[in-house]
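Let's take it one question at a time.

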Amino acid sequence: MRLYWKIFFLLMLTLLVTAGLSGWLSQKWLMENQAIEARLNTLTSMGETAVSLYADEGAIAYRQWQRHASRSQHFQAVLIDAEGRHVLNRPIRRPLQPLLEQVQREQKKITMINPPRLGVALPIMHEGQQYYWLAGTHLSPDIMKQGGRQMLLIRVAIALLVILLISWLLTRMFTQPIRQLKQSGKQLAAGDFKARAPSIVSSRKDELGDLARSFDHMAEALGSLVNSHKQLLRDISHELRSPLSRLQVALELARNEADDKASDELDRIELEAERLNELIGEVLTLARFEQGAVQAENKPLQLHDLIQTVLSDAAYEAEASDKQVSPLQIDTCIVSGDPLWIGRALDNVIRNAIRHTREHGSVEVALLCQPTEAVITVRDFGEGADESVLSDLFEPFFRASEARERHHTSSASGYGLGLAIAKRAISMHHGTIHARNHPEGGLEIQISLPKL
């Protein structure tokens, strides 16, 4: 059923239920008013009867009639003469005094409606004599079931609850599948190309079902496109290895033939060939991570010793660029992991920091051993990066802005793969890595690894 008809039927149901409850409430209200009006008319007519009986037949006949009528009609009443005295010479109860004074003052019928209690007070003239009739009664339980303010509020609340329930159903019809599609979209955006819309949504026969099926087609097409892209990189990298090997062999032959006549040019060719070989190696490494072909050899690892080894190697590269690597606090810490891949991740991050720090600057490295994890921070003293691209620094082939590239030459620049490989190596060890701009300048990368 299409959404149009679902909404139409739910709205019609809401209108019908609301109209039915409104009619039912109106009927109950009318029945209560009719019962109250009839009871007040009965009390009023009894006043006329009481005055006529008292005036024509005397107090004894009136008293007998009142005793019988009060039992059968369930009311209490007093008849007062013009001087304000009870005709049976009985004291007037204190609660009736204000009502008597009011009817004497206004000389008109007064009704008191306070369910379940009803009351009436009215002046009656009979053969030139003034009397006052005061009577009160309680509504019966059957009548009270028909209405009352409290019951009216309950019924209104029931009507509102019905409307709220139908509105909730109508809202849930839209929001729940949209939330499920949103969750699948987040998984897809995070790189899970196997994410699909829940079957309960894609099996729907309305527009939301069409949207879910379109989402599945899109996810499948994106997965195929990304896989084709990765496969292309792998194939190109593998295919380039063979001509690159032949190029290096030809380079050595050319160097032997040319002696020193073209040494500068041949050195340049050799440098570029080495860069190309390094790039191909990084692409193949990244491809292995993407395929899940890299398996970590988890074993107890003295992380502080590994960091000292990486720092010692990185110091040579830093000195060549007139920079330095400064270890800060290095705590003793043991984690479970593969020294090859953790070492490579640290090496990539530190080398990246060396490339981007200022000339004559330094790279600060620290290892803090916390209760549940080891935290490594690597800070350079460069220009930092735009806040909007910090999360993109760990994506393959991503290059920072010109401000980030300003302080290193093209010969020292990377390929945009080092941090991507570092992220995948750290994630393989159930760790996290993220970048932030340090408040005092430069970029700081923090790596967290669970302790053993």
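Q: Which residue in β4 is the bridge partner of Phe-75?

A: Keep in mind that this is a predicted model. β1 covers residues 75-81, and its pairing with β4 (residues 129-138) is antiparallel, over 7 bridges. In β4, the residue bridged to Phe-75 is Thr-137.

Q: In what order do the 4 strands of the open sheet come?

A: Start from the edges: β1 and β2 (110-114) each pair on one side only. The pairing in this open sheet is antiparallel, and the twist from one strand to the next averages 15 degrees. Reading across, the order is β1-β4-β3-β2.

Q: At about what angle to β4 does helix α3 run?

A: Helix α2 (residues 59-73) lies across β1 and β4, at about 150 degrees to β1. Helix α3 (residues 97-106) also packs on the sheet, touching β1, β2, β3 and β4. Its direction relative to that of β4 is about 135 degrees.

Q: Which element gives the most residues to the largest nonpolar core?

A: That core has 47 residues, and Leu-303, Ile-445 and Ile-447 touch the most other members. Elements supplying at least two residues each include α8 (263-291), α9 (303-320), α10 (339-356) and β11 (443-450). With 8 residues, the top contributor is α10.

Key. Residues are numbered from 1 along each chain as its sequence is written. This is a predicted model: local features need pLDDT of at least 70, side-chain atom pairs count only at pLDDT 80 or more; totals for chains, interfaces and linings use all residues. Side-chain values use heavy atoms; hydrogens and water are left out. A nonpolar core is a set of buried Ala, Val, Leu, Ile, Met, Phe, Trp, Tyr and Cys residues joined through side-chain atoms within 4.5 Å. Buried means under 20% relative accessible area, exposed over 50%, partly exposed in between (1.4 Å probe, protein chains only). Two strands pair if DSSP finds at least two bridges between them. Axes are lines fitted to C-alpha atoms, for helices over the stretch in contact, and angles run from 0 to 180 degrees between N-to-C directions. Contact means heavy atoms within 4.5 Å.
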